[in-house]
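Please work through the exercises below with the model open beside you, and try each task before you read its solution.

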Amino acid sequence: MYAASEHNADQRTILSLRGVTKVFGDFTAVEDVNLDIAENEFFALLGPSGCGKTTLLRMLAGFEMPNAGTIHLDGKDMSLQPPNRRPVNMVFQSYAVFPHMSVRENVAYGLKVAGVGRSEARDRVEEALQLVKLDNQADKQPDQLSGGQRQRVALARALIKRPRVLLLDEPLSALDAKLREAMQMELVRLRHALGITFIIVTHDQDEALSMADRVAVMNDGQVQQVAAPLTLYEYPTRRFVADFIGKMNLFSGRLESRHEDRLDVRVAGLGPMTAPTQDSSIFEGREEVDLAVRPEKVRVTAEAPEGESRVRRQGTVKNVAYYGDMSYVFVTLDGAFTINANVQNEARRNDPALRPGDRVWCSWEAHDMLVLAD
Amino acid sequence: MSRSNSSLLAPHSENEARRPPRQHRKLPPGPLDYSRRWWMRLPLFLVFFFLYAPMVVLVAFSFNDSKRNIVWQGFTTDYYVAAFNNTELMEAFINSLTIALMNTVVATLLGTLVAIALWRFRFRGRAAFEGLTALPIVIPEICMGVAMMAFFARIGWPTDLPWPVNLVKITIAHIAFSFPFVAIVVRARLSNFDRALEEASTDLGATQWQNMRYILLPHLKPAVIAGALIAFTLSLDDFVITFFTAGPNTITLPVKIFSMVRFSVTPEVNAASTILILITIVTATLAMWLQGRSLMHPLRSRQTE
């Protein structure tokens, strides 16, 4: 499972970043980023606002030049090449559709400035418009289009250049929820149809997890973890990633002993626990470690649960937040902290199954627990 | 009306009948509700009166059938014919139009380039340059006129040049005071230019020149046209600066009208002035209309193709 963080060996690396750093004044926006992105990969840069993901994307497009490090595309160094000479195109967050040109003129623009012949240009524009399903809107002006249509114009305009890599800067953030979902499917379809590498910047984890082959989580200008969505969610290696992606119960404990594939940890109020780890050597010399367990892995029962492998603790229900399909249950474990559990509301009922003050058991499989570095 | 229809309507109309008629309370006027307070409407009326009454009188009396033009004698268009037959007046008019056109071309170009330079580039002395650019707008025109006169005398600008080269002196003076107006209008338009458009253009392979040609200038077009029309009207009806830079062979329409008025206010003067007002109003209206469009949201303003 861990191996999924490395992309398929038979896929050729198209984009290679080594020690890429960008400094604005005394603010380091991007720090020592190393990434290899494979041909035909759908890659996402995910992180909170201000984490440097957009700056990194703008360096790939050529709008910013790295202060240190190199960016290689197809083996050629293009770190300092201007944007108009890179085989890379971008879909802007605001779409940046030229307001004084019709849809057709917008799409044809990249060919016009490159001096592509009239008949070839006409065919390629037609093809690009069909690709994004705008062929019947070709003569409209941008102010007659909806947000989703404008985005399709921006897509077609970038794709007509047949880029090696397509960059998308928060492409879905300006769309409403319904349209966003449709556009997500559309982007995945386009990527498969075209065989182009897509790199998308987003702050929306659902977007990144559902669309991308691999996700790089960024914080404070640094890449925290690069992995396939499933690995990222189930096996985060760092505290920031565990906390940022989805919901997580985090508790710190004292490292008692270290084995090759597991750690013995004593958590205040909970007693001794054993958590699995792939590589225990990174915890060498550590006294404190963070343990984590996802809320949906925690089961809440009235009776003490069966099963040798389950970690179980008794507690009192503190609060229940009802969401229809499921409820968030907050249970204060005896002599310890409050833990969050997701309870699926599988059967219809007339009154809540759990109320504040109820005595319950919380339990989870020991192997569902995570140990996190820093 | 059919039976079923009326029965359908019946409960509805009954409802209507039961509902009491909607009463609108008459609200007391707000303190600044000017349309309902005479003392707030009075200054407005006075302003419009003193602003427009003289012009209305001027235009009306251009049709007055009287040489002295003090009392209304009857309607005639004779003085328009006389004005068009007055060679000196027509020469002055042609001079004015020639200067205005030359001024418009140069001032528009210069003003647009200054605006782009101030918006696009960071350079040493940029703030000072921006301030100096706006100076001709705030400097009293009389000072500028005297300064221009002294300047041209000092450098020994030749006075016996053939037409239309002899108009260049006035044109230079006009460019100096009108190009900042163009720069201001274009600058305002630039401030709502989305830099992402330029980046998108570069990303699609365009050079800096292509960005300028295909993206920036089309965006600026309404403002450039508005600026040009402002420069045109400023030049056409300028009196003070022109008065100090004009020679005996380079009389413009406003200067000519001024000299005619010194003898007597004939309906001919009124006719010439009316024509000048007409040209100014048409161009100024066009300029304001275009500028109003240019300040709207970039996505909303469809360029005039």
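A salt bridge is a side-chain nitrogen of Lys or Arg within 4 Å of a carboxyl oxygen of Asp or Glu. This is a predicted model, in which local features need pLDDT of at least 70 and side-chain atom pairs count only at pLDDT 80 or more, while totals for chains, interfaces and linings use all residues. Residues are numbered from 1 along each chain as its sequence is written, chains are lettered from A in the order in which they are written, and side-chain values use heavy atoms, with hydrogens and water left out.

**Exercise 1.** Find which residue of chain B forms a salt bridge with R58(A).

Solution. Begin with the count, which is 1 salt bridge between chain B and chain A. Then go to R58(A), whose partner is E199(B), with the closest N and O atoms 2.6 Å apart.

**Exercise 2.** Describe the contact between chain B and chain A, where contact means heavy atoms within 4.5 Å.

Solution. First list the residues taking part, which are 28 from chain A and 23 from chain B. Next consider the buried area (the accessible area, with a 1.4 Å probe, that two parts lose on being put together, summed over both). For these two chains that area is about 2,200 Å², and 58% of it lies on carbon and sulfur atoms.

**Exercise 3.** Describe chain A by its secondary structure and its span.

Solution. Start with the helices (DSSP runs of H or I, at least four residues) and the strands (E, at least two); chain A has 8 helices and 20 strands. Then turn to the C-alpha trace of chain A, which spans about 75 × 55 × 40 Å along its principal axes.

Notes
Contact = heavy atoms within 4.5 Å.
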